[in-house]
Amino acid sequence: MLIGLIFAFFSGLSTVALIFGAIGRILIAKVVSTVASVAIAVAYVELRQVREGTSVDELAEIFS
């Protein structure tokens with residue numbers, strides 16, 4: 001990211017473009033991390049059901 005900012009500074013990009021680019025990268029990172037977290041949770045529940053035969057309700061009781 002630092003190299004990209006240095007390149008953008010010397011290539012003449014405006015400050016507004018840099019700010020919008022940074023906001024865009026942050027939003028994309030948040031969406032990707034949210035999807036990855038949900039995928040991990042779903043995989044955990046599915047593997048737990050296959051391995052031990054537990055239901056989603058039983059897991060909810062454990063974690064609540």
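## Basis and confidence

The model is predicted: local features need pLDDT of at least 70 and side-chain atom pairs count only at pLDDT 80 or more, while totals for chains, interfaces and linings use all residues. Residues are numbered from 1 along each chain as its sequence is written, and side-chain values use heavy atoms, with hydrogens and water left out.

The mean pLDDT (the predictor's confidence in each residue, from 0 to 100) of the chain is 80, and 80% of the residues score at least 70.

## Secondary structure

The chain contains three helices and zero strands, in the order α-α-α from the N terminus. Helices (H or I, at least four residues) and strands (E, at least two) are DSSP runs, numbered from the N terminus.

Helix α2 comprises 38 residues and spans 55 Å from its first C-alpha to its last, close to the expected 56 Å (1.5 Å times one less than its number of residues). G53, with a positive phi near 75 degrees, follows α2.

## Surface

Of the 64 residues in the chain, 5% are buried (under 20% relative accessible area; exposed is over 50%, partly exposed in between; 1.4 Å probe, protein chains only). The chain exposes about 5500 Å², 75% of which is supplied by carbon and sulfur atoms.

I19 lies in helix α2 (residues 15–52) and counts as partly exposed because its relative accessibility is 48%.

Notes:
Accessible areas come from the Shrake-Rupley method with a 1.4 Å probe; for residues, only the protein chains shown count as cover.
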